[in-house]
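Colleague: Please take a close look at a single part of this model. I would like the packing there, partner by partner.

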Amino acid sequence: MKKNLSVVYDKNTVEFVTVAAEFCGFLERVGEIEHPEFVDKVLKLLPLLYLKASMLPEHAVRMDEFDPEVFVTEGDYERVRAGVASLMGRHDDYLEVFVEDMVYSDTPIHQTISENLADIYQALKDFVCVYRLGFDQTMNDALVICREGFAEFWGQRLVNVMRALHDVKYNTASGQEDNDGYTGNDLYGGLETDDDGSDDRWE
């Protein structure tokens, strides 16, 4: 057991916690940040987060049959999502082919940068909050859950949203400012969707 618990204090785990906490804190302050600064900062944090997550110890196993406590509420999730959506404006929408629903569709699926970032935030914030409690067993299990979530869910969200953010930052061929005051092309022309805007994860 002692060997198994050593993963929670592994150098790679500690570095991942540090980057994850910085990412979560940054999204929680989204209302204080200007659009270009936000895009630039997130494009630096996401690849670092991916790198640190990919280096997490792989030999840890669950020690409890019950999941650790979760801390992110629906309200927390929605505040982050809405804050990012407001900041991104019409740049929030993008098309994605690397989503599970694509198996039922032959066309790209409508996605939003704000929801993708909120999904990542939720997974990381729950992990960081458990880690900060300092109980080795729950820290271990939260680490295993976070690592599995990275492989199965939020890691793909991360690389998807990086592509969209890269386009927002660098697709400036028109040289014109849009209605949000941010220079760049709207590659997807303001997507329309039948989605009512709600998050079915909470239903």
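Modeller: The accessible surface of the protein chain comes to about 11000 Å². Carbon and sulfur atoms hold 51% of that surface. Accessible areas here follow the Shrake-Rupley method with a 1.4 Å probe, and for residues only the protein chains shown count as cover. This is a predicted model: local features need pLDDT of at least 70, side-chain atom pairs count only at pLDDT 80 or more, and totals for chains, interfaces and linings use all residues. Residues are numbered from 1 along each chain as its sequence is written, and side-chain values use heavy atoms, with hydrogens and water left out.

Now the setting. The protein chain has six helices and two strands. Both are DSSP runs numbered from the N terminus: H or I of at least four residues for helices, E of at least two for strands. In sequence order the pattern reads α-α-α-α-β-β-α-α. Of the 203 residues, 45% are buried. Buried means under 20% relative accessible area, exposed over 50%, and partly exposed in between, with a 1.4 Å probe and protein chains only. Among contacts (heavy atoms within 4.5 Å) with a separation of 6 or more, 76% join residues 24 or more positions apart.

The part I pick is helix H3, residues 35-54. Two packed helices are described by the angle between their axes and the distance between the axes. The axes are lines fitted to C-alpha atoms, for helices over the stretch in contact, and angles run from 0 to 180 degrees between N-to-C directions.

Start with H2, residues 11-28. The axes of H2 and H3 come within 9 Å and cross at roughly 155°. H2 and H3 are therefore roughly antiparallel. Angles over 145 degrees count that way, under 35 as roughly parallel, 65 to 115 as roughly perpendicular, and the rest as oblique. The crossing of H2 and H3 is left-handed, with the near helix turned anticlockwise from the far one by less than a right angle; clockwise would be right-handed. On H2 the contact includes Phe16, Val19, Phe23 and Leu27. On H3 it includes Phe38, Val42, Leu46 and Lys52. By class there are 13 nonpolar, no polar and four charged residues. Nonpolar covers Ala, Val, Leu, Ile, Met, Phe, Trp, Tyr, Cys and Pro; charged covers Asp, Glu, Lys and Arg; the others, Gly among them, are polar.

Lys52 deserves a stop. Lys52 sits in H3 and is buried, at 16% relative accessible area. Beyond its neighbours within four places in sequence, Lys52 is in contact with Glu15, Phe16 and Val19. Val19 lies 33 residues from Lys52 in sequence, yet the C-alpha atoms are 7.8 Å apart.

Next partner: H5, residues 113-133. The axes of H3 and H5 come within 13 Å and cross at roughly 50°. H3 and H5 are therefore oblique. Their crossing is left-handed. Phe38, Val42, Leu46 and Leu49 of H3 meet Leu117, Ile120 and Leu124 of H5. This contact has seven nonpolar, no polar and no charged residues.

Last, Asp40. Asp40 is also in H3. With 26% relative accessibility, Asp40 counts as partly exposed. Asp40 and His166 are 126 residues apart in sequence, with 9.0 Å between their C-alpha atoms.
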